[in-house]
Amino acid sequence: MTDQMRPTIDIIGREEINDLEAIMSVVNTDSDERLHSVHSVYDTVFTWDYEKGKRPKLDKLYEKAKKAQWNGQTDLPWEIDVDQEKVVAANAVANGGFHEGIDVSGTSIARWGDKEWLQFGVESQNWTLSQFMHGEQGALVCTAKIVESVPWIDAKYYAATQVVDEARHVEVFSKYLDDKLSGHYPINAHLRMLLDEIIADKRWDMTYLGMQIMVEGLALAAFGFMHQMTTEPLLKQLLRYVMSDESRHVAFGVLSLQEYYAELSAAEIRERQEFAFEAAIRMRDRFLQQEVWDRMGANPKEIVPLLLQVPERQTFQTLLFSKIVPNCKKLGLLDAADGWLRTKFTEMGAIAFEDWADTGEEYETMQATGTEAVA
Ligand SMILES: [Fe+2]
Ligand SMILES: [Fe+2]
């Protein structure tokens with residue numbers, strides 16, 4: 001146990017969080033691998049305490065989850081015909097054009113016309129949905145691990161429902177990619193690094209922190225954003241259904257960790273802060289979508305720095321953290337160790353929204369008022 005925070009380089013493998021050279025040097029060198037194994041040694045925990053409802057909030061989530069099941073094959077309007085180019089063009093118009101306001105003159109893509117930008121938009125959508133699909137598989141695997149490793153019966157019950165939810169999410173994203181879009185991308189190297197670390201950690205609460213709080217917190221914000229932006233009715237519906245599950249998943253994380261963190265020492269909390277920071281960095285790095293520029297024959301090292309200067313891009317990034325920050329605050333991670341994580345999130349430009357409702361709170365209000373936004 002340390003009594004101070006580790007230096008940034010030990011946590012994320014680089015000194016400067018914005019070191020683009022270092023970020024972009026992380027690439028998959030084995031993108032045609034079919035199976036990916038991660039070694040993990042941890043305790044599978046049986047509990048002989050079967051008292052259902054000992055943790056009433058988790059019990060309520062479990063009861064809700066059983067009623068909120070849907071069928072990815074039959075409940076979505078798969079008959080809708082998707083003209084991807086048309087959708088991408090319409091989305092671009094709604095978002096102020098493809099160029100995102102970047103000045104590309106003097107770069108290798110200066111000569112791109114509408115055709116290239118449209119192709120870029122198509123690739124970008126294939127990439128985005130592919131990463132969501134991979135992230136969903138990460139959630140599937142992590143939640144199965146929680147079923148095994150968490151010591152509380154109410155949490156095992158609830159997590160078992162989440163396993164089914166995540167299987168369905170992988171299924172619908174994969175089906176959407178296969179039937180409606182035009183190609184898969186392998187998992188992004190930053191995302192894979194994060195999933196590997198989450199699943200390799202032997203402490204059950206780290207699975208929750210990495211997956212339910214960080215990965216799913218970001219997914220919830222990103223799905224919300226995409227749900228709002230897209231003009232394609234099938235994807236809109238699909239995201240609406242997935243989000244109705246995701247808000248429950250993130251609430252599960254907040255409610256479980258709230259209880260567990262109350263018992264941890266300051267040194268143990270510091271390790272959780274470091275892990276949250278690392279996860280936030282990996283997720284931010286993955287959004288540079290360097291593989292898309294690569295596939296389009298552009299040099300990501302030339303384009304990405306320009307992209308990062310666009311104000312809308314920065315707003316989007318902050319928005320992605322709009323669930324994570326209040327949830328970390330609720331768990332005490334923002335303020336522990338003299339506000340170390342707050343400082344880190346501030347450096348990353350992710351600190352806004354800390355006073356927004358946390359997902360545990362938000363979920364309960366939605367239930368109480370019957371205003372659950374979805375499904
Ligand atoms: Fe999911
Ligand atoms: Fe989830």
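The protein comprises 16 helices and zero strands. The model is a predicted one. Its radius of gyration is 21 Å, close to the 21 Å that the globule rule gives for 375 residues, so the protein is as compact as a globular protein of that length. The C-alpha trace extends over about 65 × 50 × 40 Å along the principal axes. Of the 375 residues, 38% are buried. Among contacts between residues at least 6 apart in sequence, 85% join residues at least 24 apart.

Helix H7, formed by residues 189-200, packs against helix H10, formed by residues 266-286, at an angle of about 155°, and the two axes lie 7 Å apart. The angle makes H7 roughly antiparallel to H10, since values over 145 degrees fall in that class. The crossing of H7 past H10 is left-handed. On the H7 side, the contact is formed by His 190, Leu 191, Met 193 and Leu 194, which meet Ala 279, Arg 282, Met 283, Asp 285 and Arg 286 of H10. Classified by residue type, the contact of H7 with H10 holds five nonpolar, one polar and three charged residues.

Helix H10 also packs against helix H15, which spans residues 336-347; the axes of this pair come within 10 Å and cross at roughly 0°. This value makes H10 roughly parallel to H15, as angles under 35 degrees are so classed. Residues Ala 266, Ile 269, Arg 270, Gln 273, Ala 276, Phe 277 and Ala 280 represent H10 in this contact, and their partners in H15 are Ala 336, Ala 337, Trp 340, Leu 341, Lys 344 and Phe 345. The composition of the contact of H10 with H15 is 10 nonpolar, one polar and two charged residues.

H6 passes H9 with a left-handed crossing. From H6, the residues in contact are Ala 155, Tyr 158, Gln 162, Asp 165, His 169, Val 172, Tyr 176 and Lys 180, while H9 contributes Leu 234, Leu 235, Leu 238, Val 242, Asp 245, His 249, Phe 252 and Ser 256. The contact of H6 with H9 divides by class into nine nonpolar, four polar and three charged residues.

Two residues of helix H8 were considered individually. Gly 210 is located in H8, which covers residues 204-229. Gly 210 is classed as buried because 25 other C-beta atoms lie within 10 Å, against a cut-off of 20 or more. With residues up to four places away in sequence left out, Gly 210 touches Ile 198, Val 215, Phe 275 and Ala 279. Ala 279 is also one of the H10 residues that meet H7. Between Gly 210 and Leu 194 the separation is 16 residues in sequence and 8.1 Å in space, C-alpha to C-alpha. Leu 194, in turn, is among the H7 residues that meet H10.

Tyr 208 is likewise found in helix H8. Tyr 208 is buried, with 26 other C-beta atoms within 10 Å. Its contacts, not counting residues up to four places away in sequence, are Ile 146, Ile 213, Gly 253, Ser 256 and Leu 257. Ser 256 also belongs to the H9 side of the contact with H6. Tyr 208 and Glu 271 are 63 residues apart in sequence, and their C-alpha atoms are 14 Å apart in space.

Gln 289 has a phi near 35°, a positive value in a residue other than glycine. This residue is placed in the loop between H10 and helix H11 (290-295). Gln 289 counts as partly exposed, with 19 C-beta neighbours inside 10 Å. Asp 338 also shows a positive phi, of about 55°, although it is not a glycine. Asp 338 lies within helix H15. Asp 338 counts as exposed because it has 8 C-beta neighbours inside 10 Å, and the exposed class requires 12 or fewer.

How values were computed:
Residues are numbered from 1 along each chain as its sequence is written. Chains are lettered from A and ligands numbered from 1 in the order in which they are written. This is a predicted model: local features need pLDDT of at least 70, side-chain atom pairs count only at pLDDT 80 or more; totals for chains, interfaces and linings use all residues. Axes are lines fitted to C-alpha atoms, for helices over the stretch in contact, and angles run from 0 to 180 degrees between N-to-C directions. Helices (H or I, at least four residues) and strands (E, at least two) are DSSP runs, numbered from the N terminus. Angles under 35 degrees count as roughly parallel, over 145 as roughly antiparallel, 65 to 115 as roughly perpendicular and the rest as oblique. A crossing is left-handed if the near helix is turned anticlockwise from the far one by less than a right angle, and right-handed if clockwise. Two residues are in contact if their C-beta atoms, placed from the backbone, lie within 7 Å. Ala, Val, Leu, Ile, Met, Phe, Trp, Tyr, Cys and Pro count as nonpolar, Asp, Glu, Lys and Arg as charged, and the others, Gly among them, as polar. The radius of gyration is taken over C-alpha atoms; the globule rule is 2.2 Å times the number of residues to the power 0.38.
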